[in-house]
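I opened this notebook page to record what I looked up in the structure. My entries begin with the ligand and move on to the domains and the sheet.

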Amino acid sequence: MRIASIRQGVVPISSAIANAYIDFSKMTASVVAVTVEDGAGRRVTGYGFNSNGRYAQPGLLAERFIPRLEACDETVLAAADGTLNVHGAWAAMMRNEKPGGHGDRSVAVGVLDMALWDAAAKLEGKPLWRLLADRYRGGEADEAAWVYAAGGYYYPGKDVEALVEEMKRYLGLGYTTVKMKIGGAPGTAIRDALKEDLARIEAVLKLLGGDGSRLAVDVNGRFGLHAALAYGAALAPFNLRWYEEPLDPLDFATHATLAEHYAPPLATGENLFSMLDARNLIRHGGLRPDRDILQFDPALSYGLVEYLRTLEMLQAHGWSPRRCVPHGGHQFALNIAVGLGLGGNESYPEVFAPFGGFATDTPVVEGRIRMPDLPGIGFEAKNDLWAVLKDL
Ligand SMILES: O=C([O-])CC(=O)C(=O)O
Ligand SMILES: [Mg+2]
């Protein structure tokens with residue numbers, strides 16, 4: 001087993017959309033292709049990329065993580081049973097990295113980890129979801145994953161009518177649950193921003209037949225405690241699917257205070273990038289294992305090797321993997337959701353193409369999606385993404 005080649009590129013995923021915290025006018029993603037040759041001389045290429053929200057990491061990849069992976073030999077790469085040892089490669093990539101400070105480094109490693117898992121599954125001739133179910137769940141995979149349509153971004157000139165039209169399109173695609181951005185009215189007093197958001201929320205809820213369990217709202221970490229509580233008090237009667245990232249992702253004590261006052265589900269975690277950060281959230285964030293949602297995104301947080309540690313940590317703290325619904329809307333997390341029995345996965349029907357979205361001919365039916373039976377993560381079956389990856 002050896003690494004035959006590693007190539008990397010940077011791809012724009014810029015657009016005019018904005019959430020309450022950032023706009024995406026300069027957003028980029030790293031893409032990598034890792035070609036692995038097994039003992040029999042058979043070559044497969046695994047692909048990886050980072051999901052939206054963090055920028056491409058060409059420097060970290062070129063200076064540290066690609067050279068360390070290239071230096072791995074047979075003793076590191078071949079597991080005892082002849083499969084590709086992704087855990088060993090991961091440990092080699094993280095050699096001489098101090099603990100703490102998880103951020104852009106976790107993105108660079110996540111990109112390579114994704115490519116290694118794609119290659120590992122291809123070498124075994126299995127879809128990744130099947131490999132994971134066989135290895136970690138006694139062969140039991142879910143038949144389909146629950147997915148929800150994330151959108152409702154701020155966009156120049158976009159009014160409430162356009163927001164409702166967007167949500168209507170998602171329902172037309174087979175989604176039953178949708179998510180929209182809130183808290184983004186810049187420079188507005190909380191009272192006025194809340195009034196504006198309530199009008200937006202009520203318009204979407206009307207489309208959903210008044211069923212709050214079909215709507216999630218996302219603040220992208222914009223609020224302090226005062227705004228989070230004011231919004232929480234106004235949102236609580238709607239019984240929304242969840243109230244997402246109301247606070248700074250690392251401010252655990254304030255999350256705990258909010259959770260004392262807001263009874264319906266909260267969701268957070270997309271900006272926590274390690275098992276240890278996730279554990280601090282679980283220990284100190286006041287979240288409730290019977291209702292709250294954890295959104296750690298394996299593509300941004302050191303990949304699946306670290307995500308497996310996070311799932312183990314959750315189990316030790318009494319949390320079911322069903323409470324996890326990863327951020328990022330990508331096929332990697334969808335494979336993990338189906339293979340390891342998570343609660344579902346995010347989906348971006350209209351934003352972050354070509355990295356957001358699933359295999360081209362897999363429809364969403366009543367809010368659920370099935371997996372294609374294709375070796376690896378399945379990028380080759382997603383036409384727009386494959387058009388980018390195949391040229392690497
Ligand atoms: O707008 C973003 O940064 C993406 C996001 O929060 C989400 O998908 O939940
Ligand atoms: Mg979010």
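Entry 1, ligand shell. I listed the residues around ligand 1 and found Asn19, Asn52, Gly53, Ala150, Asp218, Asn220, Glu270, His327 and Glu346; a residue counts as near a molecule if its C-beta atom, placed from the backbone, lies within 6 Å of it. I note that the model is predicted, that local features need pLDDT of at least 70 and side-chain atom pairs pLDDT 80 or more, and that totals for chains, interfaces and linings use all residues. Residues are numbered from 1 along each chain as its sequence is written, with chains lettered from A and ligands numbered from 1 in the order in which they are written.

Why does ligand 1 lie between the two domains? Domain 1 (2-125) and domain 2 (136-389) both give residues to its shell; the bounds come from an automatic or database domain assignment.

I found the centres of domain 1 and domain 2, taken over C-alpha atoms, to be separated by 24 Å. The contact takes 36 residues from domain 1 and 38 residues from domain 2, where two residues are in contact if their C-beta atoms, placed from the backbone, lie within 7 Å. On the side of domain 1 that touches domain 2, the elements giving two or more residues are β2, β3, α3 (86-93) and α4; helices (H or I, at least four residues) and strands (E, at least two) are DSSP runs numbered from the N terminus. Helix α4 supplies the largest share of that side, ten residues. By class, that side has 19 nonpolar, 13 polar and four charged residues.

I traced an open sheet of three strands in the order β1-β2-β3, with antiparallel pairing; strands pair if DSSP finds at least two bridges between them. Strands β1 (2-12) and β3 (43-49) each have a single partner strand, so one side of each is left without a neighbour in the sheet.

Terms used: Nonpolar A, V, L, I, M, F, W, Y, C, P; charged D, E, K, R; others polar.
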